[in-house]
Each structure stands twice: as structure tokens, then as C-alpha cells.
Amino acid sequence: MTDGSGHGRTVRIGITGPIGCGKSQVARWLARQGVRVVDADEEARAVTAPGGPVHDAVVRRWPEAAAADGTLDRAALGRIVFADPAALRELEAIVHPAVRPRVLARIAAAEAVGAPAIAIEAIKLVEGGLAAECDEVWLVACDADAQQARLTGRGTAPDDAAQRVAAQAGLAARLAPHATLILDTSGREAETMALVEDALREALEASR
């Protein structure tokens with residue numbers, strides 16, 4: 001498939017899956033291969049930072065998650081919303097509409113310069129409607145033990161890690177029907193990296 005100029009168009013790869021299963025690692029591997037990466041969580045940090053479009057709305061709703069310097073205490077907010085599914089849905093309803101146009105703008109910028117591929121890393125890729133903007137959806141999953149170990153290994157308190165894993169129970173199964181590729185990262189890193197490289201090569205070849 002070409003963009004009309006004889007060049008393959010920018011391939012859009014969505015990366016999703018439960019927290020702690022390796023979405024960011026997969027994105028880093030893709031970046032090493034020249035893929036432009038958009039991290040929806042980074043965009044969420046931007047829109048909830050002081051001066052961001054939804055910072056005040058989040059702090060008004062959850063004043064206990066505001067730090068003394070006016071920034072959002074994401075760890076405190078996480079403890080609140082991951083313990084309360086209704087609160088999590090409410091937070092997403094505030095944040096996601098502000099994140100989506102930023103992600104779409106990043107996609108457009110990558111296409112404008114003829115980037116071969118762009119990856120959109122988002123835990124709510126499907127629910128937020130971004131999967132519909134992608135050519136491929138890669139589901140990154142792992143077993144619960146590996147998920148818990150990775151979260152605690154990067155500094156999340158064990159109780160908080162267990163809470164987040166429990167809050168996302170069944171997520172991989174719900175996302176699987178939307179995925180064009182399922183990457184189980186429970187095993188050896190080198191094997192997973194090889195799968196990612198093969199999948200990227202196939203995606204690029206299909207776009208030519």
C-alpha cells in the first residue's frame with residue numbers, strides 16, 4: 001500500500017495490554033528500529049500537569065491527590081482510582097478526551113515527514129477509540145506473577161502493585177479479540193524481542 005507517491009505510507013501500530021506486562025519495553029525496541037513512539041501515558045501526564053487542560057478538574061474532583069506544590073500526586077491518585085472502578089472510569093472520562101487529540105496530532109506529524117511507522121502505546125487503546133486509528137493492534141500480556149514482579153521491581157509498593165493487577169484482571173482476555181498480534185512477554189526477553197522485530201518487518205512489508 002502506498003501514499004500515492006510510490007512510497008509506503010506510515011504504518012500505525014497500537015500497543016496495549018495490562019500494566020507491568022512490557023508495553024514500554026516493546027515500544028523501546030520499536031524505537032530502536034526507527035519507529036516513532038507516542039506514549040499515551042506521557043500525554044496524560046502533560047494534560048494533568050499544572051497549566052494543563054484538565055489539571056484543575058482532576059484536583060477539584062480528588063483534592064487529596066494534590067501535592068503541596070500544586071502538582072498531581074499520581075501515586076496517591078492511583079491508590080484512589082484503582083480501588084474504585086467507578087472513580088477510575090470518572091478519571092478516564094476527564095483525561096482521555098484531552099489526550100486523544102494530542103495523540104492524533106503526533107500521528108499526523110509522523111505521517112507529514114514520511115516516517116515509516118508510528119507506535120501508539122496506550123493501556124486504553126481500544127476503549128479510548130485509538131485502536132480504530134491503527135493498522136495493527138499488538139496486545140502485550142504476561143502471567144500475573146511476572147506482572148506483579150515487574151511492578152514491584154520498578155518501585156511500586158507490593159500492596160499497590162497487587163491492587164493494580166487486581167483492578168485489571170481479565171483485561172488481556174477482553175482485549176484479545178481486538179488484537180492482530182498477541183505478545184506474551186512472560187518468557188525470555190530475547191525471544192520476545194525477536195517476535196517484535198519479525199512483526200515490525202511484516203507490517204512494513206505489507207505497507208509497501
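This is a predicted model: local features need pLDDT of at least 70, side-chain atom pairs count only at pLDDT 80 or more; totals for chains, interfaces and linings use all residues.
H7 itself spans residues 158-167, and its buried residues are Asp160, Ala161, Arg164 and Val165. They cover an arc of only 135° around the axis, which puts them on the same side of H7. The face turned away from this buried side carries the exposed residues Pro158, Asp159 and Ala166.

**The two partners of H7**

Two packed helices are described by the angle between their axes and the distance between the axes. For H6 and H7 the packing angle is about 140°, and the axes lie 9 Å apart; H6 and H7 are therefore oblique to each other, and their crossing is right-handed. On the H6 side the contact involves Gln147, Gln148, Leu151 and Thr152, which meet Pro158, Ala161, Ala162 and Val165 of H7. Sorted by class, the residues of this contact between H6 and H7 comprise five nonpolar, three polar and no charged.

With H4, the axis of H7 comes within 10 Å and crosses at roughly 50°. H4 and H7 are therefore likewise oblique to each other, while the crossing of this pair is left-handed. Arg74, Ala75, Gly78 and Arg79 of H4 make the contact together with Asp160, Gln163 and Arg164 of H7, and the residues of the contact of H4 with H7 divide into one nonpolar, two polar and four charged.

**A further helix pair**

Helix H1 (residues 23-32) and helix H9 (residues 189-207) form another pair, with axes that come within 10 Å and cross at roughly 55°. H1 and H9 are therefore oblique to each other, and H1 passes H9 in a right-handed crossing. From H1, the residues Gln25, Val26, Trp29, Leu30 and Arg32 meet Glu189, Thr192, Met193, Val196 and Leu200 in H9. By class, the contact of H1 with H9 has six nonpolar, two polar and two charged residues.

The table sets out the axis values for these pairs.

| Helix pair | Angle between axes | Distance between axes |
|---|---|---|
| H6 and H7 | about 140° | 9 Å apart |
| H4 and H7 | roughly 50° | within 10 Å |
| H1 and H9 | roughly 55° | within 10 Å |

Helix H2 (residues 40-48) has as its buried residues Ala40, Glu43, Ala44, Val47 and Thr48. They cover an arc of only 130° around the axis, which puts them on the same side of H2. What covers these buried residues of H2 includes both strands and helices, namely strand E2 (36-39), helix H3 (55-61), H4, helix H5 (85-112) and strand E3 (117-121).

**Histidine 55**

Within helix H3 lies histidine 55, which counts as buried at 8% relative accessibility. Leaving aside its neighbours within four places in sequence, histidine 55 is in contact with Val47, Thr48, Ala49, Pro50, Gly70, Thr71 and Leu72; Val47 and Thr48 are also listed among the buried residues of H2. Between histidine 55 and alanine 83 there are 21 Å in space, C-alpha to C-alpha, and the two are 28 residues apart in sequence.

Terms used: Residues are numbered from 1 along each chain as its sequence is written. Side-chain values use heavy atoms; hydrogens and water are left out. Buried means under 20% relative accessible area, exposed over 50%, partly exposed in between (1.4 Å probe, protein chains only). Helices (H or I, at least four residues) and strands (E, at least two) are DSSP runs, numbered from the N terminus. The arc is that of the directions from the helix axis to the C-beta atoms. Axes are lines fitted to C-alpha atoms, for helices over the stretch in contact, and angles run from 0 to 180 degrees between N-to-C directions. Angles under 35 degrees count as roughly parallel, over 145 as roughly antiparallel, 65 to 115 as roughly perpendicular and the rest as oblique. A crossing is left-handed if the near helix is turned anticlockwise from the far one by less than a right angle, and right-handed if clockwise. Contact means heavy atoms within 4.5 Å. Ala, Val, Leu, Ile, Met, Phe, Trp, Tyr, Cys and Pro count as nonpolar, Asp, Glu, Lys and Arg as charged, and the others, Gly among them, as polar.
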